Amino acid sequence: MTLDLTQFHQTFFEESFEALGSMEAALLKLSAGEADAELINTIFRVAHSIKGGSATFGFADVAAFTHTLETLLDQLRSGQRAVQSGTVDVLLRSVDVLREMLAATQRKQPADPALAAGLHAELQVIVKSPANTAAPTTASAPASSPAPAPVPASATPEPDATRARGWRIRLAPGPQMMEHGNDPLRMMRELAGLGTLVTRVDAGKVPTLAELDPEVCVLSWEMELRTEADQATIEQIFDWAIGECTLSIEPLSPVPVTAPAPSAAAAPAMAATKPKPAAGAPDAARGTSGEGGSIRVSIEKIDELLNSVGELVITQSVCSQLAASLEGRPANDLRNALVQFERHMRELQENVMRVRMLPIASIFNRFPRMIRDLGQRLGKKLELKMSGDQTELDKTVLEKIGDPLVHLVRNSVDHGIEMPDKRRAAGKDEQGTISLHAYHKGGNVIVEVSDDGAGLNRDRILAKARERGLVGPDEELSEDKINNLIFAPGFSTAEVVSDVSGRGVGMDVVRRNINEIGGHVQLYSTPGKGSTVRIRLPLTLAILDGQLARVGKEIYIVPIVSIVETIQIKRDQISSLAGKAELFRLRDEYIPIVRLYELFGSHADNTDLVNGLLMIVEADGKRVGLFVDELMSQQQVVIKSLETNFRAVTALAGATMLGDGHVALILDIPGVIVRYLDQPARTGSSREAA
Amino acid sequence: MNQPADGSQQFLTFKLADEEYGVGILMVQEIRGWSAVTAIPHAPPWILGVMDLRGVAVPVIDLRRRFDLAPGSFGPSTVVIVIRVPNDGQERTVGLVVDAVSEVYDIDFATFRRLPELGSAASTDIVHGLAQADGKTLILLDAARLAVGSLH
Amino acid sequence: MAEGTETSAENAPSQPRGRVVLGGSCTIHEGAAIKAHMIEQLARPGPYEIDGSAVSRVDAAGVQLIVAFALDCLERGLEYVWIGRSPTLEQAIELLSVGALLDSPGAGMAP
């Protein structure tokens with residue numbers, strides 16, 4: 001009797017990804033020195049359940065990989081093998097590989113076999129290696145007993161553990177290093193000559209023999225050298241190879257994990273068997289917020305709900321409007337009842353919107369791992385501070401803010417935080433701090449990414465902008481304007497767009513993404529001290545704070561978040577460029593004037609610019625002035641998508657029904673600007689009469 | 001554009017349909033009154049033709065036409081600004097028909113701004129940017145591009 | 001690749017087992033040659049032998065090749081044994097910390 005299992009696939013994938021998330025979090029905790037039987041158990045259970053599920057559904061490659069992983073984890077949790085930092089690295093990489101394998105399986109594509117093969121081989125080697133010695137080679141035998149001394153305190157425990165003087169060196173040869181005569185073996189030999197050297201190798205990048213280029217070194221090493229030698233002596237060993245490898249040299253500090261004394265009892269620090277009161281442990285593998293029960297709801301159901309509520313709000317609005325014009329006692333009672341009704345409606349609306357809101361934690365959670373990996377890769381010391389991870393955002397906004405945030409954090413790490421020696425020279429703490437803060441303020445969500453790095457180099461930015469013709473040779477710009485130049489398209493002051501920050505993803509894309517979800521981004525920086533990027537996001541995409549503006553008989557709604565100011569203009573502030581474009585001089589900048597009635601082909605009361613109003617709006621770093629007849633009220637508006645009734649129209653974000661039953665069109669400011677720029681050239685003759 | 005060390009440069013300004021435009025004074029050869037212009041066949045509409053400048057045939061550009069403004073009328077009060085610009089090791093001379101010549105101003109380049117993005121609404125390739133002088137907004141033209149680009 | 005030779009080995013029992021012999025110099029300069037030699041030997045039937053007893057000069061490139069060989073065998077479930085390792089080679093293996101990767105576990109198929 002065959003059962004169609006495919007209906008369960010989706011759940012398996014969702015749960016597996018969640019479980020991998022909690023496995024990763026547990027591994028990071030282990031890596032930070034929090035050794036705990038419960039953590040290891042959690043990790044084991046994740047591997048076990050993924051193995052079981054994948055075997056059931058016939059995902060053989062995932063099952064095989066996870067099986068080996070489970071074997072290793074079983075050794076760890078039973079105390080057969082000690083956890084060393086190399087182990088955590090391998091396990092973290094296993095998480096990555098598993099994620100990719102599951103994703104490929106989910107897409108019904110074959111997983112890339114090379115992906116898992118190298119790592120799988122490594123896992124097998126570790127599993128089969130004699131327990132307690134594993135990959136790292138130590139200069140002398142570890143302490144006796146089944147629980148080994150963790151690597152950092154190995155060798156001769158007593159004197160070194162208390163002094164802990166030495167260096168942690170990471171060497172990742174570049175593709176040409178060996179070809180140019182720099183031999184890692186020679187370097188190790190020289191290092192070993194300086195003191196006691198403990199080494200771990202990363203062979204994860206070794207391809208098959210057939211694919212291996214004998215002249216390119218794909219091995220990398222992490223070493224701990226206990227020595228009296230100073231950093232300069234160490235650096236000398238790598239003199240010839242600078243620029244052809246990634247190298248980091250950091251002082252060793254006393255390791256907090258092990259008890260300084262060589263007592264064998266201290267050994268269990270990393271090994272298993274430290275019973276802790278199990279706090280909510282069973283749920284750890286599930287990765288939920290851990291409270292009570294929860295159910296999965298499809299996003300379509302919530303949107304339908306939200307839509308219905310939106311209709312209710314409009315109907316209530318109509319009722320109130322009608323009631324306003326009635327007279328008599330019953331009318332009064334009706335009006336009172338409607339006021340209550342309106343209040344309840346607002347509450348209902350807010351509650352339903354909140355259903356779509358999720359804490360930003362799910363995005364923030366990827367950063368500890370990312371910072372750890374980046375720090376290792378770049379040889380920078382980093383600390384991550386986060387606050388406000390329970391701040392809630394609309395799900396759609398949340399989904400779209402992830403990539404920009406990742407890019408901003410990478411930018412801070414890559415271009416902001418300096419290398420440890422540079423920081424020390426500048427009198428700063430060697431460890432750079434990246435901060436992520438999220439909080440609610442004034443109906444918006446604010447997310448800030450800060451670093452205490454070098455800040456923006458304004459001179460270089462200005463020079464580059466002048467080079468690119470974005471700024472006139474003698475044009476003067478305020479500090480703020482210079483900072484925000486880095487959002488201009490194609491702008492990058494890094495001589496080489498490093499792999500870390502991602503090719504082709506510039507700050508202009510970050511800003512555009514944020515603008516698309518109705519947000520704003522601003523950059524603040526102090527040279528030498530650091531930079532902060534502040535992102536302002538709407539609480540929800542379904543409701544908008546809008547300014548009503550009338551052009552002729554039409555009412556448009558302009559998102560308040562885009563409005564800079566509204567001005568009544570004087571004739572001497574207007575310049576007509578070659579008769580085609582009109583510019584308004586606002587203090588020291590020139591702003592194109594958009595005649596909305598022309599853009600939309602409607603009629604306005606005023607065609608003379610001095611008789612109407614100019615609303616200066618901003619989107620994507622560009623400003624234009626919208627010429628309107630009159631400003632009306634400000635309202636909170638429920639956005640109803642136009643597409644159900646009309647074709648999608650550039651420049652319009654949707655429509656809404658006002659209380660009096662009229663339909664008002666909501667302007668999409670970036671779209672308005674695009675539409676303005678796309679206009680065919682007009683002859684100016686019709687305008688000269690003004 | 002070269003700026004003298006004091007950050008200013010002199011521009012000759014002229015009026016064209018309610019707006020003030022400027023060209024660098026160093027490129028202005030002379031200012032003439034209107035004289036007979038011989039039409040050139042197959043020329044772009046804004047080239048009125050050539051005029052005789054002391055034996056040299058100099059093309060004359062109707063700037064109103066060039067900027068797509070309503071055409072003006074040509075008569076005894078029409079003014080032609082003759083500019084001479086370097087181009088590829090040689091020099092090009094063209095005449096620009098304007099409404100009226102204004103003044104020579106010292107432009108303080110601290111007020112200079114490039115044009116904001118205007119899309120296809122305006123042909124901005126011949127405009128350097130905007131600057132302020134004497135409380136007025138001046139549209140500074142790229143005379144070299146105007147002369148060279150207009151002729152082909 | 002290995003499977004192919006194994007089936008053909010049925011009718012050629014006289015085919016010798018693959019044997020990788022490392023010469024006195026096992027460095028980047030001999031890299032291409034060593035790689036070719038290893039691939040050639042891997043085309044023969046296993047279990048394989050690898051002889052490092054003659055190595056008197058070695059660098060990271062040479063050791064890397066040996067590591068690639070060992071990982072290839074592990075991945076494909078092939079057995080190999082060390083005939084010998086010179087002291088120079090031993091020291092290099094220890095310094096570069098690849099010892100665990102080179103100790104053949106024997107028939108190492110995934111469980």
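This report walks through some helices, strands and contacts in the structure above.

The model is predicted: local features need pLDDT of at least 70, side-chain atom pairs count only at pLDDT 80 or more, and totals for chains, interfaces and linings use all residues. Residues are numbered from 1 along each chain as its sequence is written, while chains are lettered from A and ligands numbered from 1 in the order in which they are written.

Let's start with chain A, which has 20 helices and 22 strands. Both are DSSP runs numbered from the N terminus: helices are H or I with at least four residues, strands are E with at least two. Of its 690 residues, 37% count as buried, meaning that 20 or more other C-beta atoms, placed from the backbone, lie within 10 Å of a residue's own.

Now for a sheet in chain A. It is open, with four strands in the order 2-3-1-4 and antiparallel pairing; two strands pair if DSSP finds at least two bridges between them. Strand 2 (196-202) and strand 4 (245-251) of chain A sit at the edges with a single partner strand each, so one side of each has no neighbour in the sheet. Strand 2 of chain A is joined to strand 3 (residues 220-226) of chain A by seven bridges, and Arg200(A) stands opposite Glu222(A) in that strand 3.

Helix 5 (113-128) of chain A is worth a look too. Its 16 residues reach 22 Å from first C-alpha to last, close to the 22 Å expected at 1.5 Å a residue (the expected span is 1.5 Å times one less than the number of residues). Because 12 of the 16 residues of helix 5 of chain A are buried, this helix is largely enclosed by the rest of the structure. Among those buried are His120(A) and Glu122(A).

Where chain A meets chain C, the contact takes 35 residues from chain A and 32 residues from chain C. Two residues are in contact if their C-beta atoms, placed from the backbone, lie within 7 Å. Helix 5 of chain A is one of the elements that supply at least two residues to the side of chain A touching chain C.

Over in chain C, strand 3 (residues 48-52) has a covered face that includes Tyr48(C) and an uncovered one with Glu49(C) and Asp51(C). Here are two of its pairings:

| Partner of strand 3 of chain C | Bridges | Sense |
|---|---|---|
| Strand 1 (residues 19-21) of chain C | three bridges | parallel |
| Strand 5 (residues 80-85) of chain C | five bridges | parallel |

Val20(C) has Ile50(C) as its bridge partner, and Tyr48(C) stands opposite Tyr80(C).
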